[in-house]
Amino acid sequence: MRKAAEGRAPLVERLVKVECYAGYKGEERPVRVLFGERAEEVKIVEDRWYSPGATYFRVVVESGDRYILRHDDAQDVWTLEGYRETRRAKC
């Protein structure tokens, strides 16, 4: 289990299903994130970075929420590493 910032609950890795655009290099970028029956379409890939054995993507979905997704290259597994909800105006 990863350590969270002081005063926050511990971060727990969450496995997610991700559908990708498959170009000449295979799974190049996420286009849809699946949470059970709910699907979130990726509008923008804001950033991508690499670490040994993994690729990270910071994406914005249709609702405006942001996710950080991690693809483990060796195991071909996706995890949700971070999430930021869009502040919605109260009615």
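A residue counts as buried when its relative accessible area is under 20%, as exposed when it is over 50%, and as partly exposed in between, using a 1.4 Å probe and protein chains only. The model is predicted, so local features need pLDDT of at least 70 and side-chain atom pairs count only at pLDDT 80 or more, whereas totals for chains, interfaces and linings use all residues. Residues are numbered from 1 along each chain as its sequence is written, and side-chain values use heavy atoms, with hydrogens and water left out.

**Salt bridges overall**
- A search of the whole structure finds 6 salt bridges, a salt bridge being a side-chain nitrogen of Lys or Arg within 4 Å of a carboxyl oxygen of Asp or Glu.
- E19, R32 and E41 are joined to one another in a network of salt bridges.

**R38 and E40**
- The side chains of R38 and E40 form a salt bridge, with a distance of 2.5 Å from N to O.
- R38 is partly exposed at a relative accessible area of 42%, whereas E40 is buried at 10%.

**E46 and R66**
- E46 and R66 meet through their side chains in a salt bridge of 2.9 Å, N to O.
- This pair links distant parts of the chain, 20 residues apart, since R66 lies in strand β5 (residues 66-72) and E46 in strand β3 (residues 38-51), where a strand is a DSSP run (E) of at least two residues, numbered from the N terminus.
- R66 is partly exposed at 34% relative accessibility, and E46 is partly exposed at 33%.

**R70 and D72**
- R70 forms a salt bridge with D72, and their closest N and O atoms are 3.7 Å apart.
- R70 is buried at 19% relative accessibility, and D72 is buried with a relative accessible area of 15%.

Key
Helix = DSSP H or I, 4+ residues; strand = E, 2+ residues; numbered from the N terminus.
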